[in-house]
Amino acid sequence: MDFHPDTERRDLIAEAFSRPLDALLPLARLHRTDAEEPWDALAELGIFGIAADPEIGGVGLGPAEEALLAMELGRRLAGPQVLATLMAVHCADDDARARIVTGEARVAPAILSDRRLCVVDGVGAEWLIVRRDGEAALVAASTLSEPNPLDDDHWTAALTTHVPPHDDMPWASEAATRRVRLIEAAALCGIAACASEMAVAYAGLREQFGHPIGAFQAVKHHCANMAMAAMAARDATTFAAIAIEQHRADAAFQVEAALLLAIDAALGNARRNVQVHGGIGFSEEADPHLVVKRAHLLVEAAGGADAAAERVARAAPPMLREA
């Protein structure tokens, strides 16, 4: 039984994507008020078409490689549009997919609640990937009857009350939604890893009483717990990707379980990262608050931890439900 992508696959992602992403998406970019993701460069890397058919400009790789890429994007706190565009490939029709894969059409995440739509990072987006309780639907932004102008601030939401009823939304198939949730789980794994690495680096740099704070047991425990949480979420997510690839009967359960673990790891590690940094962790000039914001945004788009737990219970194999 395979639990992880093999070494060749991991090396492929490292060579083709990880190293270029280090240069394209440094965390320092998020402290600039005019920061924008290098869209054209990301599209040229093949980010948005990693799992799409090569006939339409995609790379043609599978769910395992896509999950590894999403982890790398999460680790670098990639913008909401980047992740939403990656997800939208699985929800789009052929015409829209071809334009999304090449980066020509951008997609923004939108959260639907009580006929109110919260659009995040929507500037320049042609499509919205609408989320509600974990479901996903791809909707053209122009079809909204009275959209409000989208604010230039990436963290500002635009609300509109005129959206189609739930039953009229073009909700994606179970298979497509499963891939969306796998990407969310993988991105959250990356965020958890980012928080863990950030805390460890600071614990080795900051000194107190003549020693790095990482030498003190309480800080060591935090860092160890963060590393374990990130590792557990990563392992569950890579196994879920393999389960989809191998068409396992429990693939839906594995994806939902991985998402729940990744939610817990991302939120928990983001919180502990602030604690390890101490007072500076709350300040705007430090990086920890960026991790907290990204984690909460992605968890909210995924429907939240409670909804994820309910889906895990529904998708669990009979022997687990009986237990």
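Trp-39 is buried, and Phe-48 is buried too, where buried means under 20% relative accessible area, exposed over 50% and partly exposed in between, with a 1.4 Å probe and protein chains only. Welcome to a predicted model, in which local features need pLDDT of at least 70 and side-chain atom pairs count only at pLDDT 80 or more, while totals for chains, interfaces and linings use all residues. Residues are numbered from 1 along each chain as its sequence is written, and side-chain values use heavy atoms, with hydrogens and water left out.

**Aromatic pairs**

- The Trp-39 and Phe-48 rings have centres 4.7 Å apart and planes at 25 degrees, so this pair is stacked.
- Here, rings of Phe, Tyr and Trp (its six-membered ring) pair if their centres lie within 6.5 Å; planes under 30 degrees apart count as stacked, over 60 as edge-to-face and the rest as tilted.
- By this rule there are two aromatic pairs.
- Phe-209 and Phe-216 form an edge-to-face pair, because their ring centres are 6.5 Å apart and their planes stand at 85 degrees.
- Phe-209 is exposed, at a relative accessible area of 70%, whereas Phe-216 is partly exposed at 31%.

**The chain as a whole**

- The protein chain has eleven helices and seven strands; helices (H or I, at least four residues) and strands (E, at least two) are DSSP runs, numbered from the N terminus.
- Of the 323 residues in the protein chain, 51% are buried.
- Among contacts (heavy atoms within 4.5 Å) with a separation of 6 or more, 69% join residues 24 or more positions apart.
- The accessible surface of the protein chain is about 15000 Å², and carbon and sulfur atoms contribute 53% of it; such areas come from the Shrake-Rupley method with a 1.4 Å probe, and for residues only the protein chains shown count as cover.

- A nonpolar core is a set of buried Ala, Val, Leu, Ile, Met, Phe, Trp, Tyr and Cys residues joined through side-chain atoms within 4.5 Å.
- The largest one holds 84 residues, and those touching the most other members are Leu-73, Ile-100, Ile-129, Leu-138 and Leu-188.
- Helix 6 (residues 174-205) supplies the largest share of this core, with 16 residues.
- Beyond four places in sequence, Leu-188 touches Leu-259, Ala-262, Ile-263, Ala-266, Ala-295, Leu-298 and Val-299.
- Another core lies apart from the largest one and has 13 residues, including Ala-125, Ala-137, Met-169 and Trp-171.
- Helix 6 has 32 residues, and its first and last C-alpha atoms are 46 Å apart, close to the 46 Å expected at 1.5 Å a residue; the expected span is 1.5 Å times one less than the number of residues.
- Helix 6 is largely enclosed by the rest of the structure, because 24 of its 32 residues are buried.

- The 13 residues of helix 3 (residues 63-75) should span 18 Å at 1.5 Å a residue, and the 18 Å between its end C-alpha atoms agrees with that.
- Twelve of the 13 residues of helix 3 are buried, which leaves the helix mostly covered; among them are Glu-65, Glu-66 and Glu-72.
- After helix 3 comes Leu-77, with a positive phi near 50 degrees.
- In the loop between helix 2 (39-45) and helix 3 sits Glu-55, which is exposed with a relative accessible area of 76%.
- Glu-55 and Ala-98 are 43 residues apart along the chain, and their C-alpha atoms are separated by 9.2 Å.
- Arg-76 lies in the loop between helix 3 and helix 4 and is buried, at 8% relative accessibility.
- Leaving out neighbours within four places in sequence, Arg-76 contacts Ser-18, Leu-21, Asp-22, Leu-25, Leu-27 and Arg-29.
- The Arg-76 side chain reaches the backbone oxygen of Ser-18 at 3.3 Å.

**His-90**

- His-90 is in the loop between helix 4 (80-88) and helix 5 (94-101), and it is buried with a relative accessible area of 16%.
- The side chains of His-90 and Glu-66 make a polar contact at 2.8 Å; this term means a pair of N or O atoms within 3.5 Å, where within protein one must be able to donate a hydrogen and the other to accept it, and residues adjacent in sequence count only if both atoms are side-chain atoms.
- Apart from neighbours within four places in sequence, the contacts of His-90 are Ala-51, Glu-66, Ala-176, Arg-179 and Ile-183.
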